[in-house]
Amino acid sequence: MAALPYVPALVLAAGGGRRLGGRPKALIRHRGRPLLEHALAVVRAGGCADPVAVLGAAAAEVRAGVDTGDCLLVDNPDWASGMGSSLRVGLAALPAGADAVLVMLVDTPGVTPAAVARLLAAHRAGAGLAAAGYDGRRGHPVLIAARHFAEAAAGAEGDAGARALLAAHAPDVRLVECGDVAVPDDLDTPADLARWTDRQLDRPCAPDVPLVSP
């Protein structure tokens, strides 16, 4: 039996939460724990190995206040320039031999293990680029095969992240519908935070999000 592809997760968690009053996004609490803990639990439960998280704003506080387990934490000193620099730092820090990487944003708490697992399955079925789809629209997370790492890093500028790579290879991007198991909304403003607080009280999101750290 052939070995499964080796796909670590890359969690981008450097944002300073400027529109949230300067509260670093990694430390915002969701379902009783910091968003970074939540994101790491999701990617692990979805089947990703050896997660890497990129820190930026309040990195020392995040290291001290978040239970990240065996996650490799790397700092992005240029985090304020946007997500692109964090993607470059994270890609450079991936374990050797990775066949692909699943890129997860720390401020998308509605992403579930089921969504992660679907992207991994798409890669096993041959997709070199894949993205979660929500009613046909591309969202997060995204999966990038190793052969695209250099191009992804070269095109990661400002807040664009992997956008340039996905646009350049649009016909080859496998859109994996996840709208039935995940919620695409990110968390950028106090209004977003209030909506997510209501959601976690009612727990209407997909029930497979782990509620305790693995």
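How many bridges join strand S7 to S8? I found five, and the two strands run antiparallel. S7 covers residues 129-134, and S8 covers residues 137-145.

A note on the source before I go on: this is a predicted model, where local features need pLDDT of at least 70 and side-chain atom pairs count only at pLDDT 80 or more, while totals for chains, interfaces and linings use all residues. Residues are numbered from 1 along each chain as its sequence is written, and side-chain values use heavy atoms, with hydrogens and water left out.

**Entry: the words I use.** Helices (H or I, at least four residues) and strands (E, at least two) are DSSP runs, numbered from the N terminus. Two strands pair if DSSP finds at least two bridges between them. Strands of a sheet pair through backbone hydrogen bonds, either parallel or antiparallel.

**Entry: around S8.** I went back to the hairpin of S7 and S8, which has two residues between the strands. Tyrosine 134 stands opposite arginine 137 in S8, and aspartate 135 in this hairpin takes a positive phi near 55°. Next I checked S6 (residues 100-105), which is joined to S8 by four bridges and runs antiparallel to S8. Valine 103 has valine 142 in S8 as its bridge partner.

**Entry: the whole sheet.** In which order do the strands lie? I read S5-S4-S1-S6-S8-S7-S9, an open sheet of seven strands with mixed pairing. S5 (72-75) and S9 (173-177) are the edge strands, each pairing on one side only. From one strand to the next, the twist averages 25° (axes are lines fitted to C-alpha atoms, for helices over the stretch in contact, and angles run from 0 to 180 degrees between N-to-C directions). S7 and S9 pair in the parallel sense over five bridges, and alanine 130 stands opposite arginine 174 in S9.

**Entry: helices on the sheet.** I looked for contact, meaning heavy atoms within 4.5 Å. Helix H4 (residues 113-124) lies across S6, S7, S8 and S9, running at about 50° to S8.

**Entry: a cis bond.** Most residues other than glycine have a negative phi, and most peptide bonds are trans. In S8, where proline 141 lies, I stopped at the peptide bond from histidine 140 to proline 141, which is cis with omega near 5°.

**Entry: two positive phi values.** Aspartate 50, in strand S4, has a positive phi of about 40° although it is not a glycine. With 32% relative accessibility, alanine 58 counts as partly exposed.

My last question to myself was where to find S8 on the page again, and the sheet order answers it: S8 is listed between S6 and S7.

Technical notes
Buried means under 20% relative accessible area, exposed over 50%, partly exposed in between (1.4 Å probe, protein chains only).
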